[in-house]
Amino acid sequence: MRAVIVAAAVAFIISLFGTPVAIRVFTALKAGQPIRTLGPATHQGKKGTPTMGGVAFIVATVFAYVAGHIALTTLPDRQIAQESPTMTALVLLGLFVFCGVVGFLDDFLKVRRRNSDGLSAKGKLLGQLIVGGAFAIVALYVPSTNGETVASESISFIRDISWLDVGKIGSVLVFVFVIMAMSNGVNLTDGLDGLATGASILVLGAYALIGFWQYRHWCGDSDYARVNDYCYQVRDPLEIAMIAAAAAAACVGFLWWNTSPARIFMGDTGALGLGGLIGGLAVATRTTLLSVIIGGLFVIITMSVVIQIISFKTTGKRVFRMSPLQHHFELAGWSEVNIVVRFWIVAGICVAIGLGLFYSDFLAVMG
């Protein structure tokens, strides 16, 4: 618990005080966010707001992990103390950083060209595919310290579903799909001041709780596993909790500056990075299908885009005034703050349902 608290506190402080530095740097570099002319007219007032702010909370999370890991190595229990970063941490932080790099390239091209055209859609998907594929191979083919891999060969809900064993190749494909789906889901959600940041805080907070609960009931803890019939067969749950808590706290610090009216945007740097991390957390905690519920807001917004595209291409009619869904409500006359707060409520409900299902499974097994 000490390591989780240390990591969260360090991440929050670095992000809270580091984001203004990022604002000044990106403003000086004239890294302002280009605004699409096809978007809501109210967004034109946001033109020039510095972007690439995701760099701030990604860096904060990495430094916080180092601080938390130092606290972790001082724990007396040899079952949980680690002298070096675990494979789980390398996969999760690697997804966070390198998905962020793909987003950074997109943001950089937008700023350089002074328009909203960054990487092409194919280029962005290719970047996500390469990053997801590389870390999927690491997660499934490189054993961790106890011989167990970060990801499993079965599709999971609250734990692995034994009859949904898809093998290593199938698991690599599932891993890549989850990373790409979550990355694009968070990216589509980003578009209003604080919307994606607040929703990500809720989802990351949920995974911090899940990771810590799994650590307290972990098969890797010989003392617990010896006296209990049920435990979680995951890899490095305490480090999962530490990274999720650090990322959530870093986003809280960033939200101070990102809330309406935003002084900085996370950009694709932050959105793709957060999506990659959330997808990695889902796989590492063996909650792949449950992540659809926990990250329900991202799923709803993604589906609004899919529905809009299918409807327009098949019937020539639009279901929504504009997609993603948040822009539909903007054009319907809702204020930006109302949309953001109400969408946060939806995200919170989804997280509550997901955590409820997770805990009810534990009660059912233990009862």
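**Salt bridges, helices and spaces**

In this predicted model, a search of the whole structure turns up eight salt bridges. They sit in a protein chain of 13 helices and two strands. Of the 367 residues in the chain, 55% are buried. Among contacts between residues at least 6 apart in sequence, 76% join residues at least 24 apart.

One of the salt bridges pairs Lys 110 with Asp 106, and their closest N and O atoms are 3.3 Å apart. Both residues belong to helix 3 (residues 87-113), and because they are four residues apart there, about one helical turn separates them. An α-helix has 3.6 residues a turn, so residues three or four places apart point the same way. Lys 110 and Asp 106 are both buried. The pair is also part of a network of salt bridges that links Asp 106, Lys 110, Lys 124 and Asp 268.

A second salt bridge joins Arg 159 to Asp 361, with 3.2 Å between the closest N and O atoms.

Asp 236 and Arg 235 form another salt bridge through their side chains, with an N to O distance of 2.7 Å. Asp 236 is buried, having a relative accessible area of 4%, and Arg 235 is buried as well, with a value of 3%.

Helix 8 covers residues 237-258. From its first C-alpha to its last, this helix of 22 residues reaches 30 Å, close to the 32 Å expected at 1.5 Å a residue. Because 20 of its 22 residues are buried, helix 8 is largely enclosed by the rest of the structure.

Thr 197 is placed in helix 6. Its relative accessible area is 0%, and it is therefore buried, the cut-off being under 20%. Leaving aside residues up to four places away in sequence, Thr 197 touches Cys 251, Phe 254, Leu 255, Asn 258 and Met 266.

Helix 11 can be checked by its length and by its neighbours. Its 20 residues should span 28 Å at 1.5 Å a residue, and the end C-alpha atoms are 27 Å apart, which agrees. The buried residues of helix 11 are Gly 296, Leu 297, Phe 298, Ile 301, Ser 304, Val 305, Gln 308 and Ser 311. They pack against helix 5, helix 6 (195-216), helix 9 (267-284), helix 10, helix 12 (325-331) and helix 13. After helix 11 comes Gly 316, which has a positive phi, near 80°.

The remaining topic is empty space. Rolling a probe the size of a water molecule over the atoms shows where such space is left.

The second largest pocket holds about 350 Å³ of space. Its lining consists of 15 residues, and those nearest the centre are Phe 177, Ala 181, Met 182, Val 292 and Val 299. Helix 5 (167-189), helix 10 (291-294) and helix 11 (296-315) are the elements that give two or more residues to this lining. Helix 5 supplies the largest share, seven residues. By class, the lining of this pocket has 10 nonpolar and five polar residues, with no charged ones.

The structure also holds two cavities of 30 Å³ or more. About 110 Å³ of space lies in the largest cavity. This cavity is lined by 13 residues, of which Ser 152, Ser 154, Val 174, Val 283 and Thr 288 are the closest to its centre. Strand 1 and helix 5 each give at least two residues to the lining. The lining of the largest cavity divides into six nonpolar, five polar and two charged residues, while that of the second largest pocket has no charged residues.

Terms used. Residues numbered from 1 in each chain as written. Predicted model: local features only at pLDDT ≥ 70, side-chain atom pairs only at ≥ 80, totals over all residues. Heavy atoms only, no water. 1 Å grid on protein atoms, 1.4 Å probe; cavity = no way out; pocket = protein on both sides within 12 Å on 5 of 7 lines; lining within 4 Å. Points joined across faces, edges and corners; volume = space filled by probe spheres on them. Nonpolar A, V, L, I, M, F, W, Y, C, P; charged D, E, K, R; others polar. Salt bridge = Lys/Arg side-chain N within 4 Å of Asp/Glu carboxyl O. Buried < 20%, exposed > 50% of the residue type's maximum accessible area, 1.4 Å probe, protein only. Expected span 1.5 Å × (residues − 1). Contact = heavy atoms within 4.5 Å.
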